[in-house]
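Open the model in your viewer and keep the selection panel at hand. The stops below are given in the order in which to select them.

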Amino acid sequence: MTFSMNTAGSIINKQFPVVRLSTFLDKSALPPETTLTKLVEYMIGIEKRPKWDTGFKEYKNLEATDKYSVLFSWMKKPVFFISERDGIDKKADFFVDKEFYSFSSSVNDDYIPLNKDVTRIRDFIFAYHIYEDDKKFYIRSLSQIDFKMNVPQSLLNVTLPMKMKEWFKAMVTYMQKDYANEHK
């Protein structure tokens with residue numbers, strides 16, 4: 001896993017770091033015959049992701065067509081002294097030449113009312129690119145998000161890569177369990 005951060009932000013916003021992730025999943029660690037489409041269903045799908053990603057209180061489409069969706073995500077408290085977070089993103093997912101792309105950014109806060117006990121995050125940009133060869137799925141992402149938390153950069157540098165590894169491990173474990181249950 002390659003994880004890097006531009007702490008100077010971007011042309012979109014200079015206040016928040018831009019985070020780049022580049023990793024791969026070895027196909028031999030995944031259930032047999034896992035396709036790119038199936039991997040995407042587990043990573044970001046409305047049906048599969050809430051079953052394994054325990055950080056969510058809610059994860060649903062508010063609107064959806066074959067060209068875009070408006071996604072609502074409500075995350076549980078990460079630790080006892082930090083409030084829950086939610087976000088509403090306009091999102092476009094598509095396949096081109098057997099590669100997957102996903103782009104999202106926040107909508108205006110007035111799209112749905114703010115919950116007084118929840119802090120609304122702001123995605124300036126979140127983009128995925130996933131492709132494959134015979135042995136691996138390659139995952140690249142670029143994000144710039146205001147989580148509305150004052151977290152020291154040094155803490156982010158340590159915790160984000162660790163949390164991303166845990167996130168991918170949880171997804172793969174659930175995929176294997178799901179496959180085993182389907183093939184009893």
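Is Lys57 buried, partly exposed or exposed, going by its relative accessibility? Select Lys57: its relative accessibility is 45%, so the residue counts as partly exposed. Keep in mind throughout that this is a predicted model.

The side chains of Lys57 and Glu84 form a salt bridge, with 3.0 Å from N to O. This pair links distant parts of the chain, since Lys57 sits in strand 3 and Glu84 in strand 5 (residues 84-96), 27 residues apart. Glu84 has a relative accessibility of 15% and therefore counts as buried, the cut-off for that class being under 20%.

Stay with strand 3 and select residues 56-64 together with residues 69-75, which make up strand 4. The two strands pair in the antiparallel sense, over 7 bridges. A hairpin of 4 residues connects strand 3 to strand 4.

Next, select Lys91 and Asp93. Their side chains meet in a salt bridge, at 2.7 Å from N to O. Lys91 is buried, at 11% relative accessibility, whereas Asp93 is partly exposed, at 30%.

The next selection is Glu132 with Lys27. Here the closest N and O atoms of the salt bridge are 2.4 Å apart. Glu132 belongs to strand 8 (residues 122-132) and Lys27 to the loop between strand 2 (18-26) and helix 1, so this pair ties together parts that are 105 residues apart in sequence. Glu132 is partly exposed, with a relative accessible area of 34%. Lys27 is also partly exposed, with 21%. For the model as a whole, the count of salt bridges comes to 11. In general, side chains of opposite charge can pair when their charged atoms come close.

The last stop is Lys48. Where does Lys48 lie? Look in the loop between helix 1 (36-44) and helix 2 (49-52). Lys48 is buried, with a relative accessible area of 16%. Show the side chains of Lys48 and Asp178, which are joined by a polar contact of 3.0 Å. Then display the residues that Lys48 touches: leaving aside those up to four places away in sequence, they are Glu41, Tyr42, Asp178 and Glu182.

How values were computed: Residues numbered from 1 in each chain as written. Predicted model: local features only at pLDDT ≥ 70, side-chain atom pairs only at ≥ 80, totals over all residues. Heavy atoms only, no water. Buried < 20%, exposed > 50% of the residue type's maximum accessible area, 1.4 Å probe, protein only. Polar contact = N/O pair within 3.5 Å; in protein donor to acceptor, adjacent residues only side chain to side chain. Contact = heavy atoms within 4.5 Å. Pairing = 2+ DSSP bridges. Salt bridge = Lys/Arg side-chain N within 4 Å of Asp/Glu carboxyl O.
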